[in-house]
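Dear colleague,

Please find below the structure for your review. My notes on the findings follow it.

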Amino acid sequence: MKWTEGIDKLGLGLYLMLCIFAIANIYSVDEGLGKKQLIFFGISLFVGLIIFFSRSKFFENMSGIIYIGGVILLAGLHVFGTEILGQKNWYKFGSFTMQPVEFSKIGVALMLANYVSGSEFNLKNRTSLIAVLAIIGIPAIVVLSIPDVGSLLVFTAFFIALYREGLSGKLFLVGGLFGIVFLLANYLNDPLEWSLWYFTLFIIVVGGLWFAFNAAFLRKNIYTLLPGVGIILLLAALSFISPVIFEKLPKHQQERVEVLYKGEREFRDTSGYNLLYSKTAIGSGGMFGKGFREGSVTQGKFVPEQETDYIFCTVGEEWGFLGSTILVLSYMVYIGRIYYLAEKQKSTFNRVFGYSFASILLMHFSINLGMVMGLFPTVGIPLPYFSYGGSSLLAFSMLTFIFFKLNYADKNSLV
């Protein structure tokens, strides 16, 4: 059997295509950064080859050490970190910088896969549930303390992997409700204005959903209602506390949320500036775009950080609706391919890692595109493989090659 059998050619091809197309777009924004990204890509491929030719069990055996190392690197930011763009989430070594949160996701994915694949794991067991929440929660709390709210949101991706392993879908419903309450409570920030109908509505909706899930009225077991009642009370409390929490946030973070309600034009000189010109660039591309390095917004440097978080607006302006659609479809096929391969794995460790990897990609992709189109607040989330930055590209490439290696070993396994 040829050694190339078992390599997922579609997945690898999409990875290479995304990286190369990204370099072209970064080069369009800034020639120097485009050349640097090409070097980062070469380094990522070199590291990827080392990963691919290593033993597949290495990652399972070393998951604990990698996880602990990631947490230590995150915690070290409080002492040794360098503040860039208002956040102290970088290490700086001369002219090079490193963002440890990108690499900590690898450790969490490996550690989670290791624990879930254990023979004693059972999500219905309270000990197992607490353990997986701790694996995700410890680095997430450190990230929140930096603070890096955008990266914190990405950590919710691991719950998708746990859902595949039996985690109740009710938690996603509750989490979504809490998010809606927080945003709506700050939009209608006068409690006397909306509390009566709002609180009544949530009693009906949440109470009705909980009844539907538990069928308590049929079983006549009043105790099953207690979690639902608790959630309703917590939502009610959050609706009153949210405006207080919101007022404690830095002004620029408040404005990033308010842009969703009031539009970017009201904040065109502050937090809405990026979004205003991002939409302008995307809209001006038309169907087929203005052509490579022909975008007036891109070449005029109107969008700050256009080579990183806002790189998609370069695609929209220079490659138009058609190019943007092809890029979005490529991501969807690629992420779907990772999920498909993860589901086909014989090993639980491989499956959980694959689901974690695909879910991290999905969260980054969804949040970044929502951010540049004004559907989500600006939170500093890079587009995987596409945004400029050595840390991001190397971390995503490591995730990619670890999974492709696990998939290769699985396909060539006799078990």
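In what order do the three strands of the open sheet stand? The order is E1-E2-E3, and the pairing is antiparallel. This is a predicted model, in which local features need pLDDT of at least 70 and side-chain atom pairs count only at pLDDT 80 or more, while totals for chains, interfaces and linings use all residues. Residues are numbered from 1 along each chain as its sequence is written, and side-chain values use heavy atoms, with hydrogens and water left out.

Strands (E, at least two residues) and helices (H or I, at least four) are DSSP runs, numbered from the N terminus; two strands pair if DSSP finds at least two bridges between them. Strands E1 (82–84) and E3 (96–98) each have a single partner strand, so one side of each lacks a neighbour in the sheet. Strand E2 (residues 87–93) pairs with E3 over three bridges in the antiparallel sense, and Tyr 91 stands opposite Met 98 in E3.

Helix H15 (residues 273–284) packs against helix H17 (residues 312–343) at an angle of about 30 degrees, their axes being 6 Å apart. Axes are lines fitted to C-alpha atoms, for helices over the stretch in contact, and angles run from 0 to 180 degrees between N-to-C directions. H15 and H17 are therefore roughly parallel (angles under 35 degrees; over 145 is roughly antiparallel, 65 to 115 roughly perpendicular and the rest oblique). Ser 278, Ala 281, Ile 282 and Ser 284 in H15 meet Phe 312, Cys 313, Gly 316 and Glu 317 in H17, contact meaning heavy atoms within 4.5 Å.

Yours sincerely
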